[in-house]
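Please keep the sequence and the structure in view while reading.

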Amino acid sequence: MEANISSEFDVIVVGSGISGGWAVKEFTEKGFKTLLIERGRMVKHMKDYPTAMMDTWAFEHRGQKTQRDYQENKLISKHYAYGEATRHFYVNDAEQAYIQEKPFDWIRGYQLGGKSLLWARQTQRWSDFEFEAPSRFNYSIDWPIRYKDLAPWYSHVERFVGIAGNRDGIVNMPDSEVVGAFEMNQVERYIADAIDSHYLDRKAIIGRCANLVALKETQRQQGRTQCMARSLCERGCPFGAYFSSNASTIPYAEKTGNLTICTDSIVESVIYDEQLGRAVGVQVVDAHTMKRSQYRAKVIFLNAATLNSNLILLNSRSNRFPNGLGNDSGLLGRFITFHNYRGRITAEIKGFEDSYYYGRRPTQVFIPAFRNIHAKAGSFKGSYLIAYSAVRDGWGRALPEEGLGHAFKDALLEPGPWKVSMMMQGEVLPIYENHVRLSSDQVDKYGMPQLITSIGYTDNDVAMMEDFFSEGGQMLEKAGCINIEKLDQHIAFGRQPGLEVHDVGGVRMGHDPNNSLLNAHNQMHHCKNVFVTDGACMTSIGNQNPSLTFMALTARAVDYAADQLKNGSIS
């Protein structure tokens, strides 16, 4: 639906992913006329999930990546979920050129709903251990909020989303509002019990995720149904069983009558009025005609995802802000961070050959962080959590000897040995050197400056990985695992920053305008009617999956901005 460019909206929300969907839901429910701008195409829930119900053999290439994918989309095709069944939800490499000063895989999905159609759906709360860690361990500025500030908003979001998980009583991963939980299989439970019996500082739990293992009335009102455990989530879920903007927040906002959606519109910059001393709207480029136009509003929420929100602000230059909107500190685009996924451990375990499992559970087993929580680790700063799963080899495994006929077919029907896979998700410290900036001479196909990414690993990331290898290997060994192998995925597979799709920072929150861009309510220090509530706002990355925190921060910031609008503080 095209917006009338002569209209004055109460609010403009840029980006329709996890956080943008929450922004429009909250604003429209409060009665504000809201314009949602998405640079990609329209995608309607159910209607525009073309491969959701297809069987593997119905695809020409059985759902796999093709040589054409590798040639034409060398970057985006690296993502684990990219393939014949999902490529329509990813941006093509040629769509938005950027410059990698250091190797960085920028994973993007441009359509209504953004990457909420592609996310891994893991949802863990932060605790005060994460909010206080940067100042406690002296590796970044202090967060301007604490857990108590966000706790009610976590609950607000979780009750709407529907979180699968248990109430585990872990101080540095506070309990969520849950609808039920998936279960560990027998081997995972055995390893969890072994960890519990050998360690006092760690506990294995089933991962909390945004898949409806069961429903409550709130989810029924959204028209969503229970998870079928198909593990085809990234194709788009016709059941609405996993949370996405398309299945949940955007339709909810549309029902209010207060939402206007404008797709295929690329926000080029935020327009700052020098006389009024505030932002008055955004300038957009039509993705098809290249025509430029402007939309106006009283409040602007940037939710374009971390790097694009940085790009938009850096490109929003004026006499007042020659280096980008709100950038008096000169720190816009700095302190980009991400999660360290370098370490992986594999193993085998004997003795459970009479056990199996059913369905494709959409989560793993997690071991919440235990290093740099209660006591300081000696060799590195930051924390990491661990995830593991146990599966049996299937028919595609290599059999001991070749064969033909009935005996060979019968052997394929028997499951193979139990394999265990363990991975780390580590906190990469925010450092000044890890940054993005605009090219002075290279533009993309829409005439916008190309983004330069200069983001990389440090020695701290390597030290953290080595600690994971030591601790993770010991846990598996104590559980009786054999053939334990440790792998640095950066060295072995060239896994670069960005591929985890957890990039955050660049427009960080803080107490002091001299070293941050946003205040405790995600409001720009120097442009009060502009808010940033996607990953760009994060001061540090913690060890947990970040999307739940984006959503809670967004709902909280909308509540604050709505009060500001009502009392005239923002006009």
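In what follows, Ala, Val, Leu, Ile, Met, Phe, Trp, Tyr, Cys and Pro count as nonpolar, Asp, Glu, Lys and Arg as charged, and the others, Gly among them, as polar. This is a predicted model, in which local features need pLDDT of at least 70 and side-chain atom pairs count only at pLDDT 80 or more, while totals for chains, interfaces and linings use all residues. Residues are numbered from 1 along each chain as its sequence is written, and side-chain values use heavy atoms, with hydrogens and water left out.

On a 1 Å grid over the protein atoms alone, a cavity is a set of points where a 1.4 Å probe fits but cannot get out, whereas a pocket is an open set with protein on both sides within 12 Å along at least five of seven lines; lining residues have an atom within 4 Å of a point. Grid points are joined across faces, edges and corners, and a volume is the space filled by probe spheres set on the points.

The second largest pocket has six nonpolar, five polar and four charged residues in its lining, and its volume is about 280 Å³. Of its 15 lining residues, Gly40, Arg41, Val91, Glu95 and Tyr110 are the closest to the centre.

Two cavities of 30 Å³ or more are present in the structure.

| Cavity | Volume | Lining by class |
|---|---|---|
| Largest | about 110 Å³ | 11 nonpolar, three polar, two charged |

Helix α1 (residues 18–29) packs against helix α4 (residues 147–161) at an angle of about 95°, with the axes 13 Å apart. Trp22, Lys25 and Glu26 in α1 meet His156, Val157, Phe160 and Val161 in α4, where contact means heavy atoms within 4.5 Å.

Asn434, in the loop between β16 (418–427) and β17 (435–443), counts as buried because its relative accessibility is 2%, whereas Tyr70, at 43%, counts as partly exposed. Buried means under 20% relative accessible area, exposed over 50%, and partly exposed in between (1.4 Å probe, protein chains only). Tyr70 belongs to helix α2 (residues 67–72).

Key. Axes fitted to C-alpha atoms, helices over the stretch in contact; angles between N-to-C directions. Helix = DSSP H or I, 4+ residues; strand = E, 2+ residues; numbered from the N terminus.
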